[in-house]
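Please look through the sequence and the model shown here, and work through the questions that follow on its sheets, cores, domains and ligand shell.

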Amino acid sequence: MSDHSGVPSPGTPPPGCPAHASAVRLGGVEHQQSHQLYRTLRREHGAVAPVLLDNDIPAWLVLGYPEVCYVTSHDELYARDSRRWNQWPNIPEDWPLLPFVGYQPSVLFTEGAEHQRRAGVITRALEGVDQFELASECEAIAEQLITSFAGSGETELMSTYAHALPARGVLWMCGMPQGSEDTEKLVDDLRISLDAGEGDDPVAAYMRVGARLTQLVKEKRQAPGPDVTSRMLLDDAGLSDEEVVQDLISVIAAAQQPTANWIGNTLRLLLTDERFAVNVSGGRVSVGDALNEVLWLDTPTQNFIGRWAVRDTQLGGRHIREGDCLVLGLAAANTDPQIWPESHVGAENSAHLSFSNGEHRCPYPAPLLADVMARTAVETLMEHLPDLVLDVAPTELTWRPSVWMRGLMSLPVRFTPSVR
Ligand code: HEM
């Protein structure tokens, strides 16, 4: 409601604000058909749609490929420090998205020269990872995991394989000894803190992850090794121990879930698409093609929150107000009909926005390392279980109820049991 002065009364969204009546609740989306939702939103609202996050908090969903590129490459207009959000007075303490938008002094929320300093350290530390060594380490991890279920002739691949492998791969890169009890405990705490199940305590698990990584930083300060943590500590930028711990948590969390879902979504494609024949090893399309197709069509980070408007601007014909939140619609942008006029999506190139774009994009060596982990995971599984097939009808596979991460609830498979 507005009085006659034209000034909205308190609690009423001003015209053009994403809280207006036509805004779509992102939380209530039917997840099996998110592509359909993006099509509808684009048709009804154009490239920038008003949406409502949990508790009906307004935001903008940027759906257009050129618009996502514009937002991510104009930090002076759309920046990462979430403290400028104009919705903070309306955010409850237990808001479900708080872990993603609550400001932390990590690389994720820094801007300008400070971001370059922090992201530079991560980039150089990741560049030091030997990709061949990472591949052979991931192959060993894959074989151990396969051994644990090979004798039974069936398994649920999301929990026993797709999530389990990158967690161990990333911790190995950071200098945690592979296979030790200590590392396994950290793997478990990571799982609980990123993806809590029934009866889990994610906050307690997150505290334990922080404590173990603080200890790792102390150990590496005293005895550096050929790992990401030591390289971050030894970098000329001179990060403090606290900064390294913060950024190590960001690296591990940013790596684990998307890589796990990249593996899961690729296995799903290989097991359900007729181009890959009855079983994955008999297909006519390579694992590399499948990995790339997933990034175009079923990208793990579907939507990313986000950017915050530095000042009033225009975007896709919308008036964006200072402090508004913009969600990067990466999945929608990848399938934007403006870049796919023939409605055929899935190029062999890698011009998708799955790793985002601009200053805050997934830091350059990370996509390559994720590719090594995902490719090794899929290929090793196919090699060891060549007659792997889906154990349910493809239509029974369900996506997780999240608009942020696109990943399967479960991926049940069967194969000829083998003693290894
Ligand atoms: C080795 C595996 C990976 C590592 C170490 C890693 C690391 C990171 C880090 C540190 C950031 C924060 C960058 C910043 O704010 O400056 C980031 C952002 C991001 N990463 Fe990754 N990542 C990995 C895998 C992936 C995968 C597999 C995907 C998706 C397919 C992905 C998608 C993204 C996206 C969408 C962002 C957000 C960028 C933005 O704010 O615009 N990452 N990653």
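Q: In this predicted model, in what order do the 3 strands of the open sheet stand, and which are the edge strands?
A: The model is a predicted one, and in it 3 strands make up an open sheet with antiparallel pairing, in the order β5-β11-β10. Pairing on one side only is what marks the edge strands, and this holds for β5 (154-156) and β10 (389-390).

Q: Over how many bridges do β10 and β11 pair, and which residue of β11 is the bridge partner of L390?
A: Strand β11 covers residues 412-414 and pairs with β10 in the antiparallel sense, over 2 bridges.

Q: Why is strand β6 largely enclosed by the rest of the structure?
A: Strand β6 spans residues 304-309, and it pairs in the antiparallel sense with strand β4 (residues 78-79) over 2 bridges, where A79 stands opposite W308. Strand β6 also pairs with strand β9 (residues 325-328), again in the antiparallel sense, over 4 bridges, and there I305 stands opposite V327. The strand is largely enclosed because, of its 6 residues, the number that are buried is 5.

Q: Which element gives the most residues to the largest nonpolar core?
A: The largest nonpolar core holds 74 residues, of which L165, I263 and A377 touch the most other members. The element that gives the most to this core, with 14 residues, is α11.

Q: Which residues does I263 touch, not counting residues up to four places away in sequence?
A: In soluble globular proteins, nonpolar side chains tend to be buried together. I263 is one of the residues that touch the most other members of the largest core. With residues up to four places away in sequence left out, its contacts are A162, L165, A374, A377 and V378.

Q: How many residues does the second, separate core hold?
A: Besides the core of 74 residues, there is a second, separate core that includes L53, C325, L326 and L328. The number of residues in this second core is 36.

Q: How far apart do the C-alpha centres of domain 1 and domain 2 lie, and which helix gives the most to the side of domain 1 that touches domain 2?
A: The domain assignment of the chain gives domain 1 (1-101 + 302-353) and domain 2 (111-293 + 357-420), with C-alpha centres that lie 28 Å apart. The contact takes 20 residues from domain 1 and 14 residues from domain 2. On the side of domain 1 that touches domain 2, the helix that gives the most, with 3 residues, is α2 (residues 65-72).

Q: Where does the shell around the ligand lie in relation to domain 1 and domain 2?
A: Of the 27 residues around the ligand, those that come nearest are A254, A255, P258, S356 and C362, and by class the shell divides into 18 nonpolar, 8 polar and 1 charged. The largest share of the shell, 7 residues, comes from α11. Because domain 1 and domain 2 both give residues to the shell around the ligand, the position of the ligand is between them.

Q: Is I122 buried or exposed?
A: I122 lies in helix α4 and touches V107, D247, V251 and P363, when residues up to four places away in sequence are not counted. Around I122 there are 25 other C-beta atoms within 10 Å, and because the cut-off for burial is 20 or more, I122 counts as buried.

Definitions and conventions. Residues are numbered from 1 along each chain as its sequence is written. This is a predicted model: local features need pLDDT of at least 70, side-chain atom pairs count only at pLDDT 80 or more; totals for chains, interfaces and linings use all residues. A residue is near a molecule or strand if its C-beta atom, placed from the backbone, lies within 6 Å of it. Ala, Val, Leu, Ile, Met, Phe, Trp, Tyr, Cys and Pro count as nonpolar, Asp, Glu, Lys and Arg as charged, and the others, Gly among them, as polar. Domain bounds come from an automatic or database domain assignment. Two strands pair if DSSP finds at least two bridges between them. A residue is buried if 20 or more other C-beta atoms lie within 10 Å of its own, exposed if 12 or fewer, and partly exposed in between; C-beta atoms are placed from the backbone. A nonpolar core is a set of buried Ala, Val, Leu, Ile, Met, Phe, Trp, Tyr and Cys residues joined through C-beta atoms within 7 Å. Two residues are in contact if their C-beta atoms, placed from the backbone, lie within 7 Å.
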